[in-house]
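Please walk me through this model in the viewer, one selection at a time. I have not seen it before and would like to know what to click on and what is there.

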Amino acid sequence: MLLSMQDISKSFAGVAALRSATLDVADGEIMALVGQNGAGKSTLIKILTGAYKVETGRIAFNGRDVTFTSPADSQAAGIATIYQEINLAAQRSVAENIYLAREPRRFGLLDHRRMREGARRVLEAFHLDIDVDRPVASFNAATRQMVAIARSVEQNAKLLIMDEPTSSLDEREVSILFDTIRTLQARGVAVIFIGHRLDELYAICNRVTIMRDGQTVAVSAMQDISKMELVRHMLGRELAAFEALSKSAEGHEERPVRLELEAAGSGTRVRQVDLTVREGEISGLAGLLGSGRSETARIIFGMDRLERGSLRVGGQARTYTEPADAIADGIGLVSEDRKVDGIIPDMSIRENMTLALLPKLRKAGVINRARQDEIVQRFITALRIKCASPDQPIKELSGGNQQKVLLARWLCTDPKVLIVDEPTRGIDIGAKSEILKLLRQLADEGLSVLMISSELEELLAAADRITVLSDGASVAVLPRSAMSEKALLAAMAHQGE
Amino acid sequence: MSAARFIPAFLRPKTSGDLARLGVMVALLALILFGALRYDNFLSSFNILSFLRYNAMFALIALGMCFVIITGGIDLSVGGVAALASVVSAFASPYGWAAGLAAGMAAGLAFGVLNGIMITQMRIQPFIATLAAMLASYGTALLLADNQSVSVSYDTAFTMLGQDDILGFPIPAWIALAAYILGWIFLERLPAGRHVLAVGDGEATALLMGLKVRRTVFSVYAVSGLLAGLAGTVLAAQFGAGQPTEGVGWELFAIASVVVGGTLLSGGAGSVGATLAGVLLLGMVFNVLNFENGLGWISLSAYWQSVIRGLFLLVVVVLQAKIAARPEEQG
């Protein structure tokens, strides 16, 4: 084994990110590393490269026990990493980037000629003929990536880690990248390939390591595992089943359509999505990481521009240029990452909840405190938010209660459509079913809910209909009668033909 | 595209930054041409030599500022440090010119090191750290000098550092020239110089590529302090006195010169040669305004000169931003 990571554990602020994870990579092999968001892939890689300190566990590389304390450390040992955002000094030349930190010198001065020639030689091995004096920023993503790979080759890396290397490449560029990876493999370089497009993994990788909830749940030769099995391992299932949730009354399929996407597309992440949300129902949106779920929500909410196809809200064609347009039409979005674009941690529950409502709470330019109090109190009661007082900073609440405040933020604007992206992420199991019950109750009162989730159990329990996305396109719609774990897995494992 | 064919390959701009730097050279030449044609004594040796003697101090400070700005930082303390160094070197001048020079540079280096420690070890924002150093250095200078200028010793050769010539050129100009040659070699020909550029491009990236980011950032502030100390020493020698109240606004002049020279305030790109051109260009605007007053048709007060210089700076910076905003080719 070139690399052996055993029993790796790591936690952040008491929350376990890795629990006895393992990863083995043989000499010259291409190992796929897969898992949902939060499965622990990137934490594992950061521990390997020395960006994070290892808490427990053992790492052996190239036959020796190692502990890397910095990225420079692991690089010196022969581990190169190409991050998704391709970390190169953008304004420096190609040649300089390939040699940065290990420049050839002549009498102590930089040997520009040797750098240029060396860079050309390395790039030639990958059939790349570019002006090595131009700044890296002037090349496209595929070329930049190739330069990063050339840098690792020049540093004699034995193990190359690639984090979603195909995410910004088109088909032709992907095939060039794969040729490059095979060239590396022929030279004896091992590769850890982090990705989520299943077809690509099957095309290039020898083995796969699957992670879930901070653990390694399966390791298999690529040809010995079916796509469906692979997806099943990635998603797993919650052990505790949700309390039985009621669904919409029969006949909800006949209710008027409130929001509809037809052949919608934007950029490369959303290619062709058909989606329907009716009055008073929960419409589920499923798909693997990178399938375009959140991006679809961004289009509906006016954060990304609808470039192709159509969006109809309440029967009328719409193109939103900013979220304010969508909000004016009664659309709300509770985003995936509460911490980044949801809560304002130090502000109180009162302020967090009424943020979207403030313009309407003004009376002669001043916030009408009495009305604000009334609304806040009503939602604290209705959503059963557990807090000491409305003036408590929101950061002191549990994840589930923070999520309820965010839901209330939109509910108090009286929306017609509420998009919830991963509404139960980072929330303990009891609070999860409470949030789902709450969404159901709101739907019964007439709200249209679009629920994006990577948890199958959750979708199966709560949604009246599930639209499945794969690689930016809707590939299946499962009505309630056809909903089963098996049908959902089969649809998700489907990759663009 | 067509015009570029006539430019030799090594001069041909490869990036928009190169274009901006080329622009400052062209502007400098144009202004010199303008002055030469319009005013009788513009190209007289007296005007040229006194221009170089005076602007050498700004050139020294701008060079240090150039390195600092390339890393994405800022050094507001250079004016204060130069004032302090002028006082310190004046006190040391009775012990010989070398003692004066060493004392002034040591005072500058001390403040540069202090800035470096505050920024890299204590993780204080460069703006705040060097603002504190600026106040502290002025305060120290005023305390040491007891709120007066400190006469240098005329018994030693100290004043030659500011007033004498070698081969017909002022010594301050020779000092600045030497500093710029060393600075150019550092930035263009030494790995450490390229690391300064890479750090400015993105600290996180530089760290991941295995560069010693803290050491690099520390050293640019140390060098900036050292050069400010040198400039302060030249100041004392040139005017025959340590000047605790001199140096006000020098940091802004230095920042302006660096920016006019096409160095990005966001860091990651910059050039020693263009910085020198920037200093000369801004100095030249002053010089031209003085000549314009000398013609007797108009009389611009110092206030108006300041306004005109500000407008000139604005025009140059806006033009550069326009050049830099042009989309680059994909390869």
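Select Phe193(A), Leu60(B) and Ile61(B): within the largest nonpolar core, which has 241 residues, these touch the most other members. Keep in mind throughout that the model is predicted.

Stay on Phe193(A) and show what surrounds it. Neighbours within four places in sequence aside, Phe193(A) is in contact with Ile30(A), Met31(A), Ala32(A) and Leu33(A), and also with Met162(A), Ile204(A) and Cys205(A).

Next, color chain B by secondary structure. Chain B holds 13 helices and four strands. Its radius of gyration is 20 Å, close to the 20 Å given by the globule rule for 331 residues, so chain B is as compact as a globular protein of that length. Of the 331 residues in chain B, 49% are buried. Contacts in chain B between residues at least 6 apart in sequence join residues at least 24 apart in 78% of cases.

Now select residues 171-189 and 272-294 of chain B, which are helix 7 and helix 12. The two helices pack at an angle of about 145°, and their axes are 9 Å apart. On the side of helix 7 of chain B, the contact is made by Tyr180(B), Gly183(B), Trp184(B) and Leu187(B). Helix 12 of chain B contributes Val272(B), Gly273(B) and Leu276(B). By class, this contact of helix 7 with helix 12 of chain B has five nonpolar residues, two polar and no charged ones.

From Leu276(B), draw a distance to Phe312(B). The two lie 36 residues apart along the chain, and their C-alpha atoms are separated by 17 Å. Phe312(B) sits in helix 13 of chain B, residues 302-324. Is Phe312(B) buried or partly exposed? Phe312(B) counts as partly exposed because it has 19 C-beta neighbours inside 10 Å, and a buried residue needs 20 or more.

Finally, show both chains and select where they meet. Here 23 residues of chain B are in contact with 25 residues of chain A. Helix 8 (191-201) and helix 9 (203-208) of chain B each supply at least two residues of the side that touches chain A. Helix 8 of chain B gives the largest share of that side, five residues. Color the side of chain B that touches chain A by residue class, and its residues divide into ten nonpolar, seven polar and six charged.

Terms used:
Residues numbered from 1 in each chain as written. Chains lettered and ligands numbered in written order. Predicted model: local features only at pLDDT ≥ 70, side-chain atom pairs only at ≥ 80, totals over all residues. Rg over C-alpha atoms; globule rule 2.2 N^0.38 Å. Buried ≥ 20, exposed ≤ 12 C-beta atoms within 10 Å, placed from the backbone. Contact = placed C-beta atoms within 7 Å. Axes fitted to C-alpha atoms, helices over the stretch in contact; angles between N-to-C directions. Nonpolar A, V, L, I, M, F, W, Y, C, P; charged D, E, K, R; others polar. Core = buried A, V, L, I, M, F, W, Y, C linked by C-beta atoms within 7 Å.
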